[in-house]
Amino acid sequence: MRANETIAAISTPFGAGAIGIVRMTGPRALDICHRLFRPAGGGDLADAPSHTLHYGHIVDPATGESVDEVLVAVMRAPATYTREDIAEINCHGGPVAQRKILSLLLDEGAVLASPGEFTRRAFVNGRIDLVQAESVAQVVSARTEAGLRVAMAQLEGSLSREIAAVRRSLLGVLASLEAGIDFADEDIDDVDRDDAGKRLQEQAGRLRELIDSAFVGRVLSEGVRTAIVGKPNVGKSSLLNALLMRERAIVTEMPGTTRDTIEEIINIEGVPLRLIDTAGLRNSEDAAERAGIDRSRRAIREADLVLCLFDGSEREDDHDRALINTVPAERTIFVVNKSDLFRGRRPSFNLGLLPAEPVLVSALTRQGLSELKGLIAGRVLGGEIPAPASPVVTHERHKRLLEEALAAVERTLQGLRVGLGDEILAEEVRAAIVSLGEITGEEVVEDLLDTIFRQFCIGK
Amino acid sequence: MILPASSSHGFDVVVVGGGHAGCEAALAAARIGCDTLLLTMSLEKIALMPCNPAVGGVGKGQLTREIDALGGEQGRNTDRSYIQMKMLNTGKGPAVQALRAQTSKKLYEDNMKRVLAAEPRLYLLEGNAAGIDVSRETIAGVFLDDGSRIPARAVVLACGTFLRGVIVIGEQRFPAGRMGEPPSSRLSENLERWGIELGRFQSATPPRVDARSIDTDKMTVDPGDPSPQHFSFFSAATRRKQVPCYLTYTNEKTHEVIREHLHLSPIRTGSVSGKGPRYCPSIDRKVINFPDRDRHPVFIEPEGIRTRELYLQGLTTSLPVWVQEKVVRATPGLESARIMRPGYAVEYDFALPSQLRPTLEVRDLSCLFLAGQINGTSGYEEAAAQGIIAGINAARHCLGQEPFTLRRDQAYIGVLIDDLVTKGVDEPYRMFTSRAEYRLLLRHDNAHSRLSPLAHQVGLLDDADYEKVVRHESSLKDLLAELGTARVQPSPAVNDYLESCGSSAISSAVTAEKLLRRPHVSLDPLARAAGLDIEERFVPDVRRRAEIELKYSGYIERQRADIERRSRMESIVIPEDFDFGAISALSIESRDRLSRVRPATIGQASRISGVTPADISILSLYLERKAPH
């Protein structure tokens with residue numbers, strides 16, 4: 001635990017906007033910043049009141065030269081995100097200036113923050129709850145603006161609220177069951193099983209919606225997992241490069257932000273595509289061939305979307321035919337490349353073999369590329385990214401817990417159908433509530449008793 | 001009062017209070033082998049039931065059953081003293097079924113007193129405790145109100161509602177521990193002086209009316225079970241004559257009387273300040289909180305066989321007596337009822353239970369144990385359950401033995417005490433089965449299987465009684481093995497039976513176990529249909545348990561897996577002197593909460609309200625690093 005240390009990190013989502021933020025929190029945050037900051041209007045940063053902005057320069061003490069023109073935000077504990085002193089250095093420069101500033105801070109005694117450490121401090125210091133903490137992790141990793149919006153909305157608790165509503169309703173059902181059990185010798189009617197069934201159905205529906213939203217959530221925060229497959233020399237790398245040329249959004253190299261491997265993200269009309277196995281694609285066509293069909297099989301299995309590529313200027317062969325049988329048609333867009341070579345004529349490749357209408361493109365001339373992009377966007381999200389007004393699950397752990405909750409609700413419904421005892425039904429409903437509580441960090445018993453005493457007139 | 005010489009030499013254990021907690025504590029300590037004194041303000045009030053004339057109920061009945069399994073007295077004594085026995089929740093599953101007995105109060109007291117008097121190492125003494133004698137943060141004895149001192153190596157305080165007790169009826173307030181008995185105010189002050197933090201609770205009881213003055217024709221009769229079961233596994237089942245209870249309902253007229261006089265209710269006048277139980281509201285409160293209900297039930301329960309008093313369960317109130325009479329008489333069947341004792345509220349001090357260890361010993365005062373209502377609980381069963389644990393630990397302390405505690409997955413008693421010491425109380429604590437996360441494991445039917453081996457080790461259960469449990473268990477094991485292999489053929493009789501309980505017929509041989517896992521399929525009729533001679537060879541209790549074990553097996557396995565998963569957390573011990581305040585990574589609130597409860601394990605820490613999963617991971621990290629402070 002490094003609670004007494006002052007930590008620093010570049011906290012701008014990579015590639016987003018012209019202004020970068022280098023952030024520092026901990027007992028020495030203001031002091032360290034003060035040592036490097038030359039205020040334009042004079043004065044001392046160490047004496048600055050909380051929540052004030054200061055214009056000036058960050059100066060390298062070794063050379064005395066200005067590194068960048070900056071605005072420093074001074075925020076004093078405890079009314080800050082981490083409940084500790086925070087200094088935020090808003091700089092103009094790109095990654096280079098940001099890195100330079102960060103390294104100066106480290107030289108002065110700050111420690112490089114591990115991923116999510118700001119948030120962990122905020123969480124540990126009681127500033128934010130579990131769901132919020134996890135969605136901050138999403139903000140950190142959000143790759144596109146839409147992803148950021150989801151994360152922000154979640155920060156504001158829309159997911160928490162939706163889960164709380166489901167949980168409240170389940171607590172109502174549990175309270176009816178438990179009141180009938182624990183106050184059996186009082187004037188409490190047994191639970192109305194039809195009514196309970198109806199309420200559980202509703203909540204199962206809401207849980208399913210939340211779970212389904214996890215796909216959107218993942219797309220927004222991680223991108224659509226996309227595989228480009230095809231036999232060697234059909235132009236996979238060229239297609240990748242053609243797609244990347246203008247749309248290249250972010251190539252992350254932020255160590256430890258979310259994942260270890262370097263990935264390509266292409267932003268296609270607001271839909272982020274995350275390319276699987278780009279290493280294989282980028283290195284060489286040979287690499288893909290070396291790894292063989294197994295490798296593309298795995299890529300296909302993991303993909304949300306498959307771009308299946310053929311060379312239109314050549315006749316199909318057994319490899320092509322095998323590939324057509326391998327890819328899942330419902331997740332695949334068939335692309336026939338090298339249209340520049342057969343412009344206006346019929347391609348040598350027999351299009352009739354494909355189970356769906358292909359897009360004809362030329363990676364070289366960019367012909368057909370916008371049609372392909374439109375198709376990709378349409379295929380993934382009906383053409384547009386939904387506004388995250390409704391809660392969206394963006395975290396794998398939440399999704400898993402929601403699935404557990406749903407499974408428990410479904411077991412309860414099954415139990416109602418076969419007529420299991422109230423104590424078993426209660427067991428299942430309780431399991432669902434416990435799973436939801438693991439998302440929101442609440443426990444069952446006190447809330448349950450509150451609900452019972454509110455709903456029922458107990459008392460002998 | 002001058003202390004008799006026989007008492008001035010001192011005892012191993014002194015128990016203060018002769019209620020349900022005090023009796024169990026004293027019996028447990030004496031039976032384990034300690035010279036034990038039970039000090040009570042009045043020997044006429046041993047095991048008194050100042051509130052309802054009943055033992056058991058859902059949640060509470062399981063506690064009584066566990067007390068019996070541990071070698072305690074409440075179950076046996078109830079079996080000797082009941083006037084009606086009823087198994088509750090028979091329409092629901094066996095995990096939540098529980099016995100409730102209506103008792104003859106006087107009989108219960110007399111029977112318990114006889115048991116106490118027969119216990120070789122137990123001595124009874126009438127006297128008022130006024131304080132504890134402490135030497136070097138360790139209990140050395142008890143002071144009486146005349147200044148005399150009884151030395152003791154361990155003390156159990158079980159003084160119920162007597163600490164600065166005040167009774168409230170209408171506008172009247174007067175000091176009393178129970179109606180007609182003086183409170184114990186000096187003891188409160190003394191405990192505060194020793195640094196024990198006190199809170200204030202309130203509890204209330206309904207009026208009692210004369211049985212000759214009510215009209216039972218207007219009520220529903222509740223006769224009790226035709227073949228009553230018993231609390232104790234050990235006492236020979238003696239059948240007793242069952243006395244009926246009655247049920248009537250208040251109506252709009254009753255409610256109107258209450259509403260008319262609400263300005264006189266302590267709720268409105270503010271003459272009661274302590275927090276009362278939500279599960280046991282006064283009729284005034286019910287009328288206020290549930291204005292849409294046009295009736296509330298009133299259960300009419302005899303207080304005994306040699307008295308005419310009837311307890312009006314559901315009409316709890318501390319309105320002025322003249323209003324109480326109007327309320328009672330507005331209720332059908334009670335039009336000419338004569339009140340024999342009015343209802344009243346009692347307000348009293350309790351010690352915040354987060355100051356206790358799981359043994360019920362005060363954390364900062366060695367050898368002082370608190371049990372019963374003094375810990376903020378309510379109910380005879382909750383009190384007795386704490387009494388037996390405090391008594392066992394006081395005795396084990398004297399004998400230099402390890403502490404004895406029960407886990408949440410072992411017993412309702414474990415749930416009760418863990419809740420008290422970990423979460424504290426903000427209303428008088430009553431047991432509900434919904435408090436137990438392992439409810440399907442903690443059943444009425446298996447209490448002895450869970451706890452009697454421990455009681456035998458502790459020395460509370462003699463060989464003969466323990467032998468009965470062992471025989472029962474091995475018979476159960478045999479039966480389960482047999483059901484696992486016995487093949488039921490698809491005979492017409494079997495399929496007729498299966499279809500009669502809504503289950504599908506079988507076309508090839510299936511094990512009995514597999515069929516019994518189906519909902520609604522019962523052992524006895526299945527065995528009969530299949531021609532298995534199980535009924536002849538296994539007693540009903542064993543057959544019933546086998547059926548339950550099989551019916552719940554899937555859920556039981558799940559709960560066991562959960563227990564297993566959590567056991568790692570339960571096994572990480574936090575050292576006694578661990579300084580939670582020194583972990584600056586924890587929020588100040590969490591440090592505060594942890595320092596207050598001082599949990600013994602990471603598992604316990606995780607159950608403190610307000611302590612987050614993040615706190616727990618930080619705490620674990622520190623412990624793994626062997627606490628750097």
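1. A salt bridge here is a side-chain nitrogen of Lys or Arg within 4 Å of a carboxyl oxygen of Asp or Glu. By that rule, the side chains of Asp450(A) and Arg278(B) form one, at 2.4 Å from N to O. Four salt bridges are found across the interface of chain B and chain A.

2. This is a predicted model, in which local features need pLDDT of at least 70 and side-chain atom pairs count only at pLDDT 80 or more, while totals for chains, interfaces and linings use all residues. Residues are numbered from 1 along each chain as its sequence is written, chains are lettered from A in the order in which they are written, and side-chain values use heavy atoms, with hydrogens and water left out.

3. At the interface, 53 residues of chain B are in contact with 43 residues of chain A (contact: heavy atoms within 4.5 Å). The two chains bury about 4,000 Å² between them, 53% of it on carbon and sulfur atoms; buried area is the accessible area (1.4 Å probe) lost on putting two parts together, summed over both. Lys92(B), Arg278(B) and Ser434(B) supply 15% of the area that chain B buries against chain A, more than any other three residues.

4. Within chain B, helix 4 (residues 74-81) meets helix 5 (residues 105-118); helices are DSSP runs of H or I, at least four residues, numbered from the N terminus. Residues in this contact include Gln74(B) and Arg80(B) of helix 4, with Tyr108(B) and Met112(B) of helix 5.

Definitions and conventions: Axes fitted to C-alpha atoms, helices over the stretch in contact; angles between N-to-C directions. Helix = DSSP H or I, 4+ residues; strand = E, 2+ residues; numbered from the N terminus.
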